[in-house]
Amino acid sequence: MALDYRSPREIKELVNQDRPLKVLIMGMPRSATMSLVAALKKLGYTPYDFVDRFTLSHHSLWTDALRAKYQDKGNSWGREEFDRVFKGFDCVLDVPCTFFSGELAAAYPDALTILNTRAPGPWHRSMSQTLFRVFSWPSWPLIARLDPSFIGVWYKHCGLTWQIFCDNDYSAEACIPAYQRHHEQVREAVPKDRLLEWEVAEGWEPLCKFLGKEVPDEDFPRVNDTENFLKMHGFLWAYGVFRALRNLGIGTLAIAGTWYLYKTGLLSSWLSRA
């Protein structure tokens, strides 16, 4: 099943609507997060996802929030700041939002929290094959330097995120304890009667019971496998290359080169080996 992303226009229309925040998804990436998003959309929710952070240019805001919480630089976030960022959405997920489970639970005491979990070993293998693999591509620092206003902002944000989580050490020895600590932090921050610990194998039943929704008459969605993840970030990489070349004043070459990589399949071939 493919991921169903909103268009930039649809996302920008959302922020003109007021929706109370109802669901906090506080599990780490690669814990069936995207499958859970697809399920929540089916149930009528409007999740705030990583694509929305790109479209709404929110990475710099979240970088400031992380610095305030973990480096004591700037003002800590509360209900006012969260309301401004989440305007138009009624469900939040993914890093860096998951690093604010205590603040979010306090700011939205009526919201329900889902801690989507996965066995630590398979979780780390999945992270190593996808997110950590992508962020380790050696060309990112150069692209970020040549495109500071887009890839540069995202790259700086990601670097700080994983520095906070595992000190940018992607080994199992560093990441699995950090993963387990994160789960404990969520359990401590959220009242038990407002928390559901859930794994994707459990499917619709416990999720719908917790949310007070009818169980859909269809299989639980399964999305965002390794191939799709790499392809999606490959497009991000290609767009970054295009912007970097354009910023160097060689826009025609940027367009031609990016299109060539895409049409010939060289981009997909390179990503499969990266």
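## Buried tryptophans and the basis of the model

Both W137 and W140 are buried, where buried means under 20% relative accessible area, exposed over 50% and partly exposed in between, with a 1.4 Å probe and protein chains only. This is a predicted model, in which local features need pLDDT of at least 70 and side-chain atom pairs count only at pLDDT 80 or more, while totals for chains, interfaces and linings use all residues. Residues are numbered from 1 along each chain as its sequence is written, and side-chain values use heavy atoms, with hydrogens and water left out.

## Aromatic pairs

The structure holds 24 aromatic pairs, counted for rings of Phe, Tyr and Trp (its six-membered ring) with centres within 6.5 Å, and called stacked if the planes are under 30 degrees apart, edge-to-face if over 60 and tilted for the rest. One of them joins W62 and F100, a tilted pair at 5.6 Å centre to centre with 55° between the planes. Because W62 lies in helix α4 (residues 59–70) and F100 in the loop between β3 (91–92) and α6 (101–107), this pair ties together parts that are 38 residues apart in sequence; helices (H or I, at least four residues) and strands (E, at least two) are DSSP runs, numbered from the N terminus.

W62 is buried at 0% relative accessibility, and F100 is buried at 2%. The rings of W137 and W140 are stacked, because their centres are 5.9 Å apart and their planes stand at 15°.

## Cysteines

The count of disulfides is 0, a disulfide being a pair of cysteine sulfur atoms within 2.5 Å. The sulfur of C91 is 9.8 Å from the closest cysteine sulfur, that of C97, which is too far for a bond.
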